[in-house]
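Here is a friendly tour of a few packing details. Have a look at the model first, and then we can walk through them together.

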Amino acid sequence: MSVDAPPTPTAGLGLQRVSGPSALGGGPRRFFDLLWLMSVTEFKRVYFGTVLGYLWSLIRPLLLFSVLLLVFTKVFHVGGTLVEHYPVMLLMGIVLFTFFQEATSNSVTSVVAQEGVVRKTQFPRLVIPLATVLTATFNLLLNLIVVLIFVLAFGVSPVWTWLLFPIALLFLFALTGAVAMALSVLYVRFRDVAIIWTVVAQVLLYVTPILYPVNAFNNPTYERLLMINPLAVIFSSIRIWVLHEADAPTPVHSAGGWLGLLPAAAIFLGTLAYGAWIFRREAPRIAEEL
Amino acid sequence: MPVENELTIQPIPSAPGPDAPPAIRVKDLHKSFRIPTQRVDSLKERAVHPFATREHRELHALNGISFEIRQGEFFGIVGRNGSGKSTLLKLLASIYRADSGSIEIAGRLAPFIELGVGFNHDLTARENVVLNGVMMGLTPREMRRRLDAVIDFAELREFADLKLKNYSSGMMVRLAFSVMMEADADVLLIDEVLAVGDASFQQKCADAFHQMKAEGKTIVLVTHEMGAVDAYCHRAMLLSDGDIKHAGDPAEVSREYLKLNFASELNSELEKTIPAEENEPGEGADLAGLRIVDEEGEETQTVEMGDPIHLEAEIELLRPVPGLHVGLVVANADDVSMFELSVPIRSKDGDNIKGRKVTVSATIQNPLSPGRHFIHCGIQSPFGVSVFRSKAATFVVFGTHPSKGIIAPEHEYEYVIEGEDDL
């Protein structure tokens, strides 16, 4: 052995073109590893870092639920006549909407908050907004257990349409993910996005049949208008499938036929496309814009 | 050579030959940044002035550079601030995207950029280590297996469950460095880390570097510390204004770097901030000029350590002066006089110099340590001339190695290691 022998280079490594940062990239395994790890650590951070932990995520929607239940049943007398299981519908709607709101509004600042990581390491950028969605999903799944207890306690019997519930959830996840992607990169450039989104989310809460049933207006035009909102379609479907009330109108009925659902479908697909497009376009430059 | 000794001696790897496979190949890499003169940060401004051409200026960080780093090579990148070296590193690390040109890398790459790999300050050290490992391309399982090794290397066992926001900056850097070491990448990109931690941790880093070098890892080091370039690198490259100014032998590159650095530093503001102190009005004589020149006689402000110092002084005489004497005192930055050069001036016609101008050229052996130096000049005659000019000139002695003490005398040495044959 000669002391001067050059070190044996790590054998068999071929050159590979490096194209810079991107939304995906780095292989699917690493993407999902990172997504899972970031979501879990964030979930742990929030719920083991506070005294009441997970309870906070439950107390918030429950408090909102109690107040709204009181206001809408005792003051406005919404429930009872129109909805068979108004409290259950209200709770389920609040829990699902809380998920949408939490995931999207957390995603707004997510990329900027991770500035240190973004500017110093290379990894699929898409992980960041999607991790906030996944973290919110963990909360949602835990809260849905509570919803299930309520559903059973209020005497709703299990039916086969419950199996359709996950499909509705998938639509909700897709929409939430797309909005999160768009918001997270837009915020890097335009800081007003944060304020705008709190307002928009507030408006969305009222134009989605959560506090009131779709047919509360007793006016087909309003019902049709509501069904332009893809969230309204998703929430109405969930109500039908889970609570299976005999007199609840289906989204198709509310929209005045299948054609009436076209705007909602267009908005849904448009949001998905826009989210994917803008994130893909901005991802390579995020580190420079920060 | 006795064979049994060899195993204990760590082989000092020489540079991989030119036929070694490439680890990094960069071709015609361009990168520029658009710097808006007025940043449009809000949608409102966009909405109010939708057609306003947003003014920006183009900052060219890299102007089409090409180079190749071979596998097993320890490659240094040096350059002044703003030379484009950090941009280059971020392009190599896939943090920025190049405008044009190509980068090819063989194997997995671990970056270590700007002190701290990019930690989430709300998470504990353990969580951050795993997260970072996964970012570098390891599986979570693999990284959890190495977690203890990382924490131990960083000497942070007691603080492993502490959130990073409670860490000192030194602890954070130690952790980051350890993650990079354990990430087991094929190519390592390292930016300014040699001043990490305390003395014992620095030694650990130095050992680790040597080991990585011995293992044949490809390492790209960006640094200001020329000593490190000399000590570790097989080859180096000097960047200046987005171009490769010099590439090759590390000693040469670091010399070029120091020259470039001090030259521009002196030419800019420092010259103005150190004005020559006002001299007393000369009675019959004045110092018209004092400058340091290089071998070609061109004015310079830098002298390499060990190279002779060439001086030129011009003295103007306003009346005949007998017994003229010029004294030049070289002092260091702390104003400690290092030595004096005494030049008695005698005219051919006797002591009395009638001429108007005397030029003194001197060559001084240079025992000075690196650093800034000043020259004070005194002109005297027993017959009424006494001029003293403090800090009449300044120059910087530069060297690749920092040296303790105020002088660095030339020296020779030899040594014998017991049991080894003479070479």
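## A helix pair in chain A

The axes of helix H3 (residues 86–113) and helix H5 (residues 127–153) of chain A come within 9 Å and cross at roughly 165°. Axes here are lines fitted to C-alpha atoms over the stretch in contact, with angles from 0 to 180 degrees between N-to-C directions; helices (H or I, at least four residues) and strands (E, at least two) are DSSP runs numbered from the N terminus. H3(A) and H5(A) are therefore roughly antiparallel to each other (angles over 145 degrees count as such).

By class, the contact of H3(A) with H5(A) has 16 nonpolar, 6 polar and 1 charged residues. Contact means C-beta atoms, placed from the backbone, within 7 Å. Ala, Val, Leu, Ile, Met, Phe, Trp, Tyr, Cys and Pro count as nonpolar, Asp, Glu, Lys and Arg as charged, and the others, Gly among them, as polar.

## About the model

This is a predicted model: local features need pLDDT of at least 70, side-chain atom pairs count only at pLDDT 80 or more, and totals for chains, interfaces and linings use all residues. Residues are numbered from 1 along each chain as its sequence is written, while chains are lettered from A and ligands numbered from 1 in the order in which they are written.

## A sheet in chain B

In chain B, an open sheet of 3 strands runs in the order E10-E12-E15 with antiparallel pairing (strands pair if DSSP finds at least two bridges between them). Strands E10 (285–293) and E15 (357–364) of chain B stand at the edges, each with a single partner strand, so one side of each lacks a neighbour in the sheet.

Strand E12 (residues 309–317) of chain B pairs with E15(B) over 8 bridges. Within E15(B), Thr363(B) is the bridge partner of His310(B).

Definitions and conventions:
Parallel < 35°, antiparallel > 145°, perpendicular 65-115°, else oblique.
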